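Here's a quick tour for someone meeting this model for the first time. Take a look, then read on.

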Amino acid sequence: DVISESVQVLLDEIYQELEVKMNLTAQKMAGLNSKISITSSGLQFTNPAGEIQEDLNEAGELGAIYGLVACLNSYSDISMPIIVDTPLAGFGMGMVKSWTEVVPGSFAQTIALINSAEKRALKFWWEPNLSEIEFFTLLRENENHLTGQDHDWNEHSEQPTTGAMYVTSDVQIFSDLLQ
């Protein structure tokens, strides 16, 4: 009984500490104006008036999840990378600055699969950090990286891009796509 009770007290203290850290991290994400609690049924959100919110906007939920994952990562002896696919899609472009302040800094490695709009929106962040970031662009073998069409494409012959997919780490190709 003593061991069981001690373990429960320790777990309660860990949950409380995790909640505090998670809320501090998540509150840096624009669009999240709720206190987050960890319950047996998952995350619970409470608005500033103290009322439990059943539904939160997608930006708020994603901010909470980023906060939780970042805090869990800080407890680990192993630094795990975070892999995110179109990380700004659920937030909208108004979250770009918040995302760059919270997510990449919370993990030793961030792998972000971004689309062209996100690339343009994040330019203020990645361009000054060219030496610290590795860039990869997925293309088709016959694809013109500036148009997204085959090199011999013309507007009178609609055709899909052709050729095998490949990855290039050419930073110029990555940044050319901003045109």
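Buried means under 20% relative accessible area, exposed means over 50%, and partly exposed is in between (1.4 Å probe, protein chains only).

The model is predicted: local features need pLDDT of at least 70, side-chain atom pairs count only at pLDDT 80 or more, and totals for chains, interfaces and linings use all residues. Residues are numbered from 1 along each chain as its sequence is written, and side-chain values use heavy atoms, leaving out hydrogens and water.

Now for the charged pairs. There are 4 salt bridges in the structure, each being a side-chain nitrogen of Lys or Arg within 4 Å of a carboxyl oxygen of Asp or Glu. Among them are these:

| Pair | N to O distance |
|---|---|
| Glu17 and Lys21 | 3.3 Å |
| Lys97 and Glu101 | 2.4 Å |
| Lys123 and Glu127 | 3.7 Å |

Glu17 and Lys21 sit 4 residues apart in helix α1, about one turn. Helices here are DSSP runs (H or I, at least four residues), numbered from the N terminus. Glu17 is partly exposed at 39%, and Lys21 is partly exposed at 32%. Over in helix α3 (residues 96-106), Lys97 and Glu101 are likewise 4 residues apart. Lys97 is exposed at 52%, while Glu101 is partly exposed at 48%.

Key: Helices (H or I, at least four residues) and strands (E, at least two) are DSSP runs, numbered from the N terminus.
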